Structures are given as C-alpha cells and as structure tokens.
Amino acid sequence: MKKFFGTLFTALLALSAVAAFGAKTKVACVGDSITYGYGIEDRPNNSYPAQLGRILGDKYEVVNFGVSGTTAIRSGNFPYASTQKYEQALNYQPDIVVIKLGTNDSKAVNIAKISDFAADVKTLIASFKKLPSKPKVYLCLPVPAYINGTKPMVINGDRIISEIIPQLKKVAADDGDVELIDLFAPLSGKGELFPDKIHPNAEGAAVMARVIAEKIREK
C-alpha cells in the first residue's frame, strides 16, 4: 500500500510538472477601439492583439479586452473601468497586461477632467498588479491621432501630445515597475495607415504588435 501511494504521488508530481511546463503565458490587451481593432478588415485576425499573438507564438495566449470609446478617466464619458471587459480582464488572471488608453481622454468632453487622468491610470494599474497572478504591466503611449477636433466628442491629436503623453510618462516613472511602450513615435508621420485619421489599419496594427512583442520579449 505504501508503495502504491508512493507511485501515485510520483505520478501526480509528474503530471503537475507537465501541466506547468505546458502552461501558456496569458496576455491581456486592455484598451479602447484601437485595441479592439475598430475599422480593421477581418478584425479578429488583424487587430493588434491578434497579430501580437501570432508574433509571440504558441507559448503565449493573447486575449483582446478592448472596448471602443473608453477612457482611462473614471469620471469620463465612458470609463473603461465601468465595462464588462474590464471585469473579464481581471478574472482572466493574466501574466502580462498591456494597457493602451488615453485617446478618448483627449475629447473636449473629458479634457476638463484631465487632472484625474494620472491618478485613474495608477488605479487601473494597481487593480491588475494586486491580482494573485501578479502580472507584469506594460503602459502604452497612444498612437498619433491625425485630427484635432474641437467638438465635445471628437478626439484631439494635439491634446494627446500635450496632455496625455506627458502624464503617462510620469505615471510609468513614478511607478518604477511599469514598462512604458512608445506606440506614438513608430506611427508618427504615417497618416496613410490611419484611414479615418484615428484608427490604424491592419498594417498600422502590425506596427503596434511588433513594437509590443519586442518589449515583452526583452524580459
């Protein structure tokens, strides 16, 4: 009997080791319509998270938790933190989180609350970092917006540069453990990849995916 239990215990250990060895690194892509892949032809296969998954390969599982129109500002017109996808991203217990928000925060309807932006981004980051899975968090600078809308619900590219990007850089610097990913510079001057001046096409999403994959692979 003792021999039987010893053999069973050894077998269970072996199965656990196989399961652990075969476990994939779970990547949660959190963000707005640019993460979701709005306007991209064959979005399920050509959004940046889908392309990121192919680049990273079979050892990774990449899930798209993007929600169009969402803001980092919790008192904004459509805060990401109020969405079901946010709850799903938390429940996913990711090993890696890629956050790309800020574009919709540049709208006139939200910019009046810009003083809350940095604190709300920090709260979002903290909500993931305290998960049992203890994920590594990457914070992205937004892609450029080739439009400067002045109406309440229109994105403003200049505000992304002057208001959003500096605050995101400071959040990452203050945290010290969050990795900053620059998606702005690689897509600057490439307006042809933005058919509606806001959302990158499949080629633009490919640029995003390559930049993010390179950063993830540094670790």
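Is Lys197 buried, exposed or partly exposed? Lys197 comes out partly exposed, with a relative accessible area of 46%. Keep in mind that this is a predicted model.

**Helix 4 against helix 10**
- Helix 4 (residues 48-56) packs on helix 10 (residues 202-217) with axes 8 Å apart and an angle of about 45°.
- The crossing of helix 4 over helix 10 is right-handed.
- On the helix 4 side, the contact uses Tyr48, Gln51, Leu52, Ile55 and Leu56; their partners in helix 10 include Ala202, Met208, Arg210, Ile212 and Arg217.
- Sorted by class, this contact has 12 nonpolar residues, one polar and two charged.

**Helix 7**
- Helix 7 (residues 117-129) has 13 residues and spans 18 Å from first C-alpha to last, close to the 18 Å expected at 1.5 Å a residue.
- Its buried residues are Phe117, Ala118, Asp120, Val121, Leu124, Ile125, Ser127 and Phe128.
- Those buried residues pack against strand 1 (25-31), strand 3 (96-100) and strand 4 (136-141), plus helix 5 (84-91) and helix 8 (157-175).

**Two lysines with positive phi**
- Most residues other than glycine have a negative phi.
- Lys134 has a positive phi, near 50°, and sits in the loop between helix 7 and strand 4.
- With a relative accessible area of 59%, Lys134 is exposed.
- Lys197 also has a positive phi, about 75°, and lies in the loop between helix 9 (184-187) and helix 10.

Key: Residues numbered from 1 in each chain as written. Predicted model: local features only at pLDDT ≥ 70, side-chain atom pairs only at ≥ 80, totals over all residues. Heavy atoms only, no water. Axes fitted to C-alpha atoms, helices over the stretch in contact; angles between N-to-C directions. Helix = DSSP H or I, 4+ residues; strand = E, 2+ residues; numbered from the N terminus. Left-handed = near helix turned anticlockwise from the far one by under 90°. Contact = heavy atoms within 4.5 Å. Nonpolar A, V, L, I, M, F, W, Y, C, P; charged D, E, K, R; others polar. Expected span 1.5 Å × (residues − 1). Buried < 20%, exposed > 50% of the residue type's maximum accessible area, 1.4 Å probe, protein only.
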